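I opened this notebook to record what I looked up in one structure, entry by entry.

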Amino acid sequence: MGVRRGLVLGGGGMLGAAWTIGALCAVEEATGWRPAEAEVILGTSAGAILGTMLAAGVRAEHLRDHQLGLPVEAGPLAGVDFDYDSAVGGALPPRPRPGIGSPGLLRDAVRHPREYPFLTMVSAAVPTGRGSVAPVGELVRGLVADGWPPGSGLRVAAVDYRTGHRVVFGDPDGPAADVADAVMASCAIPGWFAPVEVNGSRYVDGGCWSATNADLMAARGLDEVYVLAPMALRPAGSASGLREWRDRDRPKGVLAQLVSRYRRAVTRQLLREAGQLRAAGTRVQLLAPTVADLAVMGPNMMDPGRRTEVLESALRTSRAALLGLAAR
């Protein structure tokens, strides 16, 4: 029996998707393993879009070419037109609607704060976004006509906007949904996009629980899991790595400082999730942006003007990281 591998694709907006595509290409080049062949593919937010495309048969190099505006002449993306720069509204969100996004969830979170991640509580308080993820749903429906990609282990993480509970679309005990609705739900950033209604319940971005949700891969009997985390930091293997990055990082501006703090929190959570997988006997390969990647990304992960540079940077830095893993 061969090695049972899983693939985790974290959230990260427009630029997180570009970085992840570069990292996917680097994984395939360095290892000879096609990420699309993973037994389980778990996607969150932007990672849910890419995971679905892989599960639908799109090759990593076709994802790369499509992002770069190059012609894709074979596979499910052949002839597919998608404007990455404007499809979901550009670099800034529309003004949200007045009022609290989920009063019921906010009330429960105030009463039982230890039961919810911090970002879940914040998501309940922010106003309801006016943006639409409908173009993402149309892209997915064009690749997967009905239901879910046949024979795939695709899983999509989102958060129930009333209960605050994490859900996994595609799992046997997860909510019933077609894959397009599941992906849209996973991408619905509170305050930016409107929540997505599926069978009477409203859902928001799976990143409101975790940027990667990698702990969901435990107890699935996998031998090895690749985790691509565009909102984390590298080196991500130790507390000393975090201190090294913090010492070098001197962000200027309020947005840059907030993003920097968020990345540190994401990295700490990712390390905890990786620890859970390793405790279950699963090898974990973590890939995350380097300082060089972050310099190219900038603080706004929805800025479409940086996509090409971010993808090319991810190819370089991920190749180097994978060579280092192979040497060790």
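**Annotated residues**

I began with the unreviewed UniProt entry, where the annotation "active site" covers Ser-45 and Asp-205; positions from that record are given in the numbering used here, feature names are shortened, and annotations may be inferred rather than shown by experiment. These residues span 161 residues in sequence, yet no two of their C-alpha atoms are more than 5.9 Å apart, so they gather at one spot. Of these residues, Ser-45 is included in the lining of the largest cavity.

I noted the basis before going on: the model is predicted, local features need pLDDT of at least 70, side-chain atom pairs count only at pLDDT 80 or more, and totals for chains, interfaces and linings use all residues. Residues are numbered from 1 along each chain as its sequence is written, and side-chain values use heavy atoms, with hydrogens and water left out.

I then placed Ser-45, which sits in the loop between S2 and H2; helices (H or I, at least four residues) and strands (E, at least two) are DSSP runs numbered from the N terminus. Ser-45 is buried at a relative accessible area of 7%, where buried means under 20%, exposed over 50% and partly exposed in between, with a 1.4 Å probe and protein chains only. Leaving aside neighbours within four places in sequence, I found Ser-45 in contact (heavy atoms within 4.5 Å) with Gly-11, Ser-186, Cys-187 and Asp-205.

Asp-205 lies in strand S6 and is likewise buried, with a relative accessible area of 7%. With neighbours within four places in sequence left aside, the contacts of Asp-205 include Thr-44, Ser-45, Ala-158, Val-159, Ser-186, Cys-187 and Pro-190.

**Enclosed spaces**

How many cavities of 30 Å³ or more are there? I counted two, taking a cavity as a set of points on a 1 Å grid over the protein atoms alone where a 1.4 Å probe fits but cannot get out, a pocket as an open set with protein on both sides within 12 Å along at least five of seven lines, and lining residues as those with an atom within 4 Å of a point. Grid points are joined across faces, edges and corners, and a volume is the space filled by probe spheres set on the points.

The largest cavity holds about 290 Å³ of space. I listed 22 residues lining the largest cavity, and the closest to its centre are Met-14, Ala-46, Ile-49, Val-88 and Val-136. At least two lining residues come from each of helix H1 (13-31), helix H2 (46-55), helix H3 (60-67) and helix H6 (134-143). This lining divides into 19 nonpolar, three polar and no charged residues, with Ala, Val, Leu, Ile, Met, Phe, Trp, Tyr, Cys and Pro counted as nonpolar, Asp, Glu, Lys and Arg as charged, and the others, Gly among them, as polar.

In the second largest cavity I found about 30 Å³ of space. Its lining has five nonpolar, no polar and three charged residues, and Glu-28, Arg-34 and Arg-59 are among the residues that line this cavity.

**The largest pocket**

I next turned to the largest pocket, which has about 1,300 Å³ of space. Of its 42 lining residues, Leu-119, Ile-189, Gly-207, Met-231 and Tyr-262 lie nearest its centre. Helix H5 (118-125) and helix H9 (254-279) each supply at least two lining residues, and the largest share, eleven residues, comes from H9. By class I recorded 27 nonpolar, eleven polar and four charged residues in the pocket lining.

**Aromatic pairs**

My search of the whole structure found four aromatic pairs, where rings of Phe, Tyr and Trp (its six-membered ring) pair if their centres lie within 6.5 Å, and planes under 30 degrees apart count as stacked, over 60 as edge-to-face and the rest as tilted. One of them, Trp-33 with Tyr-226, is stacked at 5.3 Å centre to centre and 25 degrees between the planes. Trp-33 lies in the loop between H1 and strand S2 (40-44) and Tyr-226 in strand S7 (residues 224-228), so the pair ties together parts that are 193 residues apart in sequence. Trp-33 is buried at 9%, and Tyr-226 is buried at 7%.
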